[in-house]
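This report concerns the pairing of charged side chains. The sequence and the model are shown below.

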Amino acid sequence: MNLSQKDQLYHWHPYTQHKTIGLLPAIVRGEGALLWDENGKEYIDAIASWWVNPYGHSNKFIADAIYEQLTTLEHVLFGGFTNKPAVLLSEQLMKILPSNQKKIFFSDNGSTAVEVALKAALQYFYNKGEKRTTVIAFEDAFHGDTFGAMASSGITFFTEAFQGSLIDVIRIPVPTEGNENKSREALHQAIQSNSCAAFIFEPLVQGAAGMVMYAPEILDELITICKENQVFTIADEVMTGFGKTGKTFACDYLMQQPDMMCLSKALTGGTIPMAITTFTAAIFDGFYDDDTNKALFHGHTFTANPTGCAAALASLQLLQSASIQTNMKRVHQNHLEFQSKIKSHPKVKTTRVLGVIFALEIITESPAEYYGSLRNKLYNFFIENGIILRPVGNIVYILPPYIISQNQLEKVYQVVENALEIV
């Protein structure tokens, strides 16, 4: 019995209907942008393994940092203690975060980073004796799978089984080109008609919705509206953070600054689960009190894990290196060239590029289901051709490791172009 067969015996995979899926490839090795399964088949990881691995698999620089930390201090509880890698990481993050971000809260993954932000927003007003229980979010948002994060998400089949068990969330239209006024007016209406604690958003790019993009200028306007009404703003940079959009953070395109930011995924270069939620001093001060009950009672066993912090420090060093910055620009330029070539294809409806993110929308006669037949046909075609891509309905996106080679990137483009011939 091989690994794939044993996997089928034991495992329950995420976002998977096991009755309709066969054996899954068992990956045994990775290097750079490549992965190999147990049968020796090679795959180009064109989505950086769910957007976490911008510096390539088995990156020696990060691995060496992890090894050194493991043989010094692998873990110590963060409740009542601190550790050197956590302090050093926070120092480095403060140099690159928006200038209003002053406090860092560690957790384990993107969902928990969002959960911490939502809890902090709600409890801030509770601590003041003010009841604000409503959160504002975009339609088609995806913020994670824990209950607060799930409530803030707008993709219904992820959440419909839990309606009635979630916090109160009002959804407003995404301010894509032509919908700016609708989004602006809906935000005004939501704030005027409800006791809103926070507005959470994926800045500039909605990843799980299919890399839906909108302009920084309208997001600045929405943040300004929230500030004028004392509604906190939460930038979910779990996907967009650490270079994906061409800047360190998508918020770096803005004139306004959010009150909170959620970070994870590429934070540790795809090595160790870790997340961070950052806050302004004003939010932290809302919990700073002689009354112990006003503390933020939230925590995780592996909060500020020293090994994860060491991996994140190494990842930040790589991100800021000249070679990675050059590679990011190279990938972006290649995306633009591929966009110019493919956008006039008779089966392509729209294309979009931001930073290292490329997406195209395939023309369909009827709306494509998120995990429908078209998506599955495309996914299987890509896997058969040694490319890891995960289409979203009729949207194919590429978000590769920054270190992907030119030949590998050109192969990904060619396979995507070939895939249009089978739809």
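Which side chain meets that of aspartate 289 in a salt bridge? In this predicted model, the partner is lysine 294, with an N to O distance of 3.9 Å. Aspartate 289 has a relative accessibility of 43% and is classed as partly exposed. Lysine 294 is likewise partly exposed, at a relative accessible area of 23%.

The pair belongs to a wider set, since a salt bridge requires a Lys or Arg side-chain nitrogen within 4 Å of an Asp or Glu carboxyl oxygen, and a search of the whole structure returns 8 of them.

| glutamate 221 | arginine 184 | 2.7 Å |

The salt bridge between glutamate 221 and arginine 184 spans 2.7 Å. Because glutamate 221 sits in helix α9 (residues 216–228) and arginine 184 in helix α8 (residues 180–193), this contact ties together parts that are 37 residues apart in sequence. Glutamate 221 itself is partly exposed, its relative accessible area being 35%.

Is glutamate 417 buried or exposed? The residue is buried, because its relative accessible area is 19% and the cut-off for burial is under 20%.

Technical notes:
Residues numbered from 1 in each chain as written. Predicted model: local features only at pLDDT ≥ 70, side-chain atom pairs only at ≥ 80, totals over all residues. Heavy atoms only, no water. Helix = DSSP H or I, 4+ residues; strand = E, 2+ residues; numbered from the N terminus. Buried < 20%, exposed > 50% of the residue type's maximum accessible area, 1.4 Å probe, protein only.
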